[in-house]
Amino acid sequence: MFKLSEIKELIKLVDQTSLQELEIENEGSRLLIRKPNKTEQVVVTAAQPAVSVVAQQPAPQAVVQTSAAVNIPAAEPTAATPSNLHTIVSPMVGTFYEAPAPGAAPFVSKGSSVKETTIVCIIEAMKLMNEIEAEVKGQIVEVLVENGQLVEYGQPLFLVKPE
């Protein structure tokens, strides 16, 4: 399985070179990065696919090809964020989960105090559960997404009032 950081590095490498295409297979996963014209396309195929996620972004596009197709709507523009608030954003495309298990209490909710290492949610991407940390010490002012919602790379998840 490829790590998000590895994929980002490979995209940068392809972008900075004259390579037009790079394909790598590793442990049942296949990564294909193509540079047609001015955009890049990344295709990651898992050994046993479950869902399909198509993310449209102005920069690189990420496409996970599997058996069913699900379109992710573009992130809705949010009202201007006050400058004194920190926004926790999604580091990847995936499914947002507010709790460690169905029926369990959420990691955080509006009014919760957090530290830099406090886990605020889980983003599931390609059957991998990725714990997302608060990054700042403060208080959750607002939860911007619903449990089970598909989120995009860079989409705001939480607003935090730093201490």
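Select E163: at 70% relative accessibility, this residue counts as exposed. The model on the screen is a predicted one.

**The salt bridge**

Side chains of opposite charge can pair when their charged atoms come close. E163 sits in the segment after β14, while K137 belongs to the loop between β11 (128-133) and β12, so the pair ties together parts that are 26 residues apart in sequence. K137 has 42% relative accessibility and therefore counts as partly exposed. How many salt bridges does the structure hold? It holds one.

**The whole chain**

Of the 163 residues, 32% are buried. Among contacts with a separation of 6 or more, 48% are between residues 24 or more positions apart.

**Helix α1**

Select residues 4-16, which make up helix α1. At 1.5 Å a residue, these 13 residues should span 18 Å, and the end C-alpha atoms are 18 Å apart, which agrees. Next, show the side chains of I7, L10, I11 and V14, the buried residues of α1. They cover an arc of only 105° around the axis, so they lie on the same side of α1.

**The β1-β2 hairpin**

Move on to β1 (residues 21-26) and β2 (residues 29-34), which pair in the antiparallel sense over six bridges. The two strands form a hairpin with two residues between them. Select E27 in the turn: this residue has a positive phi of about 50°. To see one facing pair, select L22 in β1 together with I33 in β2, which stands opposite.

**A four-stranded sheet**

Select β7, β14, β12 and β9, in that order. They make an open sheet with antiparallel pairing. Which strands stand at the edges? They are β7 (86-89) and β9 (113-114), each with a single partner strand, so one side of each is left without a neighbour in the sheet. Inside the sheet, β12 (residues 138-143) and β14 (residues 156-162) pair over five bridges. V143 stands opposite F158 in β14.

**The largest nonpolar core**

In soluble globular proteins, nonpolar side chains tend to be buried together. The largest nonpolar core here has 18 residues, and F96, V120, C121, I123, L157 and F158 touch the most other members. The largest share, four residues, comes from β10. Apart from this core lies another, of seven residues, including I7, I11, L31 and I33.

**Last stop: T95**

T95 belongs to strand β8 (residues 94-97). Is T95 buried or exposed? With 15% relative accessibility, T95 counts as buried, because the cut-off for buried is under 20%. Not counting residues up to four places away in sequence, T95 touches I122, I123, E124, G148, Q149 and L150.

Methods. Residues numbered from 1 in each chain as written. Predicted model: local features only at pLDDT ≥ 70, side-chain atom pairs only at ≥ 80, totals over all residues. Heavy atoms only, no water. Pairing = 2+ DSSP bridges. Expected span 1.5 Å × (residues − 1). Buried < 20%, exposed > 50% of the residue type's maximum accessible area, 1.4 Å probe, protein only. Arc of directions from axis to C-beta. Core = buried A, V, L, I, M, F, W, Y, C linked by side-chain atoms within 4.5 Å. Salt bridge = Lys/Arg side-chain N within 4 Å of Asp/Glu carboxyl O. Contact = heavy atoms within 4.5 Å.
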